[in-house]
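User: Could you walk me through how to read the packing features of a helical model? I would like the general idea each time, then the case at hand.

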Amino acid sequence: MKKIIFYVLLWAVALSASAQKYKHLENGNDLYASEKYKEAVVEYQKSLADKESSFGSNYNLGNALYKSNEIESCIDHYKAACSDKNTKSERAMAYHNLGNAYVMGEKYQEAVDAYKESLRLNPKDNETRFNYTYAKKMLQQQQQQRVLAQLPKPAHYIQGCRVQRLLLG
């Protein structure tokens, strides 16, 4: 009888621990779904501190920071979610969002590289392919603007209308 009670208690403790395992991650997900991004950030940070889920915590924290317009901070968490220990699918999603964050920060070369890595991991992702094309176009425009900014400016500009001489004969 004592063994049965022991196993029932052990099972109850294990069930309780299992329910608490992803508490902060789930709370963060609920807050994120309610568009309470700042509060979700706090829960995801607690989730990371409790080592609930490395990928889920970093990826979701990156998403909440992105929605909170904290671009530099979200980049760090997307990079952590790109870790080799995660699945190809998870890494592809993280690289895609990393590219989005770089575009928001106007770091187009980094965005192109992130999208390229995402496509290497998931070549069938049309949304990433579209974003990759967009980032390449923005990078080209950025590079053209840099070239134009380096050109010397004329000492003076001629204004007014063009003068035409008429010969009377």
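This is a predicted model: local features need pLDDT of at least 70, side-chain atom pairs count only at pLDDT 80 or more; totals for chains, interfaces and linings use all residues.

User: Let's start with α4: how many residues does it have, and what span is expected?

Analyst: Helices are DSSP runs (H or I, at least four residues), numbered from the N terminus. The expected span is 1.5 Å times one less than the number of residues. Helix α4 has 14 residues and reaches 20 Å from its first C-alpha to its last, close to the expected 20 Å.

User: Is α4 enclosed, and which residues of α4 are buried or exposed?

Analyst: Buried means under 20% relative accessible area, exposed over 50%, and partly exposed in between (1.4 Å probe, protein chains only). In α4, 11 of the 14 residues are buried, so the helix is largely enclosed by the rest of the structure. Among them are Gly56, Asn58, Leu61 and Ala64. The buried residues of α4 pack against α2 (23–33), α3 (37–49), α5 (71–81) and α6 (88–104).

User: How many aromatic pairs are there, and how do I read one?

Analyst: Rings of Phe, Tyr and Trp (its six-membered ring) pair if their centres lie within 6.5 Å; planes under 30 degrees apart count as stacked, over 60 as edge-to-face and the rest as tilted. The structure holds 3 such pairs. Phe55 and Tyr59 are stacked, at 5.2 Å centre to centre with 15° between the planes.

User: Why are Phe55 and Tyr59 separated by about one helical turn?

Analyst: An α-helix has 3.6 residues a turn, so residues three or four places apart point the same way. Phe55 and Tyr59 are separated by about one turn because they are 4 residues apart in helix α4 (residues 54–67). Phe55 is buried at 11% relative accessible area, and Tyr59 is buried at 13%. Ring pairs also link Tyr78 with Phe55 and Tyr59 into a cluster.

User: What does Ser57 touch?

Analyst: Contact means heavy atoms within 4.5 Å. Leaving out residues up to four places away in sequence, Ser57 touches Leu25, Tyr44, Ser47 and Leu48. A polar contact is a pair of N or O atoms within 3.5 Å; within protein, one must be able to donate a hydrogen and the other to accept it, and residues adjacent in sequence count only if both atoms are side-chain atoms. The side chains of Ser57 and Ser47 make one of 2.5 Å. Ser57 is buried, with a relative accessible area of 0%.

User: Which residues have the most contacts inside the largest nonpolar core?

Analyst: A nonpolar core is a set of buried Ala, Val, Leu, Ile, Met, Phe, Trp, Tyr and Cys residues joined through side-chain atoms within 4.5 Å. The largest has 33 residues, and Ile75 and Leu98 have the most contacts inside it. Helices α3, α4, α5, α6, α7 (108–121) and α8 (126–150) each supply at least two of its residues.

User: Where are Glu35 and Asn69 found?

Analyst: Glu35 is in the loop between α2 and α3, with a positive phi near 60°. Asn69 is in the loop between α4 and α5, with phi near 65°. Both count as exposed, Glu35 at 59% relative accessibility and Asn69 at 56%.

Technical notes
Residues are numbered from 1 along each chain as its sequence is written. Side-chain values use heavy atoms; hydrogens and water are left out.
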